[in-house]
Amino acid sequence: MIALIVACEIGFWVLLGAGLAARYLLRARRLSTALLVAVPLVDVVLLAATAVDLRRGAEAGFEHGLAAVYIGVSLAFGHQLTSWADQRFAHRFAGGPAPVRPPRTGRAHAARERRQWLRHLLAFAVAATVLAVLTLIVGDLSRTVPLWAVMAPWSVALVIDFIVAFSYTLSPRS
């Protein structure tokens with residue numbers, strides 16, 4: 001399962017890079033669109049493989065929970081990552097404008113940090129939903145308890161991220 005998660009992460013970046021290369025280097029708009037539309041399909045493959053693996057009787061483990069985390073992060077941050085890569089690729093290979101740097105100080109920085117935390121919360125919620133669906137698919141709560149082990153450290157990280165992100169609201173960088 002870990003190999004599949006790694007393969008999906010590699011597949012995400014390969015499809016994204018190929019899609020951007022087709023767009024800006026080959027000027028093949030349709031091919032680019034097809035490749036970029038395929039990027040979210042990596043998540044579908046991972047979700048389906050995880051569900052099938054558990055349904056066939058595999059012992060639920062950390063790696064299955066990690067697949068849910070990957071899907072949550074991909075859904076919450078995927079569009080942002082794609083835009084980030086697109087701006088840099090367009091600038092480097094197509095004479096596009098320089099990428100916009102996020103604000104580093106003041107209220108704009110604080111607002112961006114809050115929005116990023118909300119994305120983090122969305123990723124957490126999506127992962128929890130995926131874990132709940134996987135638990136329902138397996139149909140045996142006692143067998144799926146190990147799936148949920150990934151949520152404890154992530155909860156701590158989410159709380160720390162909240163404190164840091166919202167601290168900029170109370171005391172913005174100058």
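Predicted model: local features only at pLDDT ≥ 70, side-chain atom pairs only at ≥ 80, totals over all residues.
Helix α3 comprises residues 41-55, a run of 15 residues. From its first C-alpha to its last it reaches 21 Å, close to the 21 Å expected at 1.5 Å a residue. Six positions of α3 are buried, namely V42, D43, L46, T50, A51 and L54. These residues cover an arc of only 165 degrees around the axis, which puts them on the same side of α3. An α-helix has 3.6 residues a turn, so residues three or four places apart point the same way. The packing partners of the buried residues of α3 are α1 (2-24), α2 (29-38), α4 (62-94), α5 (106-138) and α6 (141-144). Just after α3, the backbone of G57 adopts a positive phi of about 105 degrees.

Two of these partners, α1 and α4, also pack against each other. Their axes come within 10 Å and cross at roughly 20 degrees. Because angles under 35 degrees count as roughly parallel, α1 and α4 are roughly parallel to each other. The crossing of α1 past α4 is right-handed. On the α1 side, the contact is made by I2, I5, C8, E9, F12, W13, L16, L20, A21, R23 and Y24. On the α4 side, it is made by E63, L66, A67, Y70, L81, T82, A85, D86, F89, A90, F93 and A94.

Residue R107 lies in helix α5. R107 counts as exposed because its relative accessibility is 74%, where the cut-off for exposed is over 50%. R107 and Y168 are 61 residues apart in sequence, and their C-alpha atoms are 8.0 Å apart in space.

How values were computed: Residues numbered from 1 in each chain as written. Heavy atoms only, no water. Helix = DSSP H or I, 4+ residues; strand = E, 2+ residues; numbered from the N terminus. Expected span 1.5 Å × (residues − 1). Buried < 20%, exposed > 50% of the residue type's maximum accessible area, 1.4 Å probe, protein only. Arc of directions from axis to C-beta. Contact = heavy atoms within 4.5 Å. Axes fitted to C-alpha atoms, helices over the stretch in contact; angles between N-to-C directions. Parallel < 35°, antiparallel > 145°, perpendicular 65-115°, else oblique. Left-handed = near helix turned anticlockwise from the far one by under 90°.
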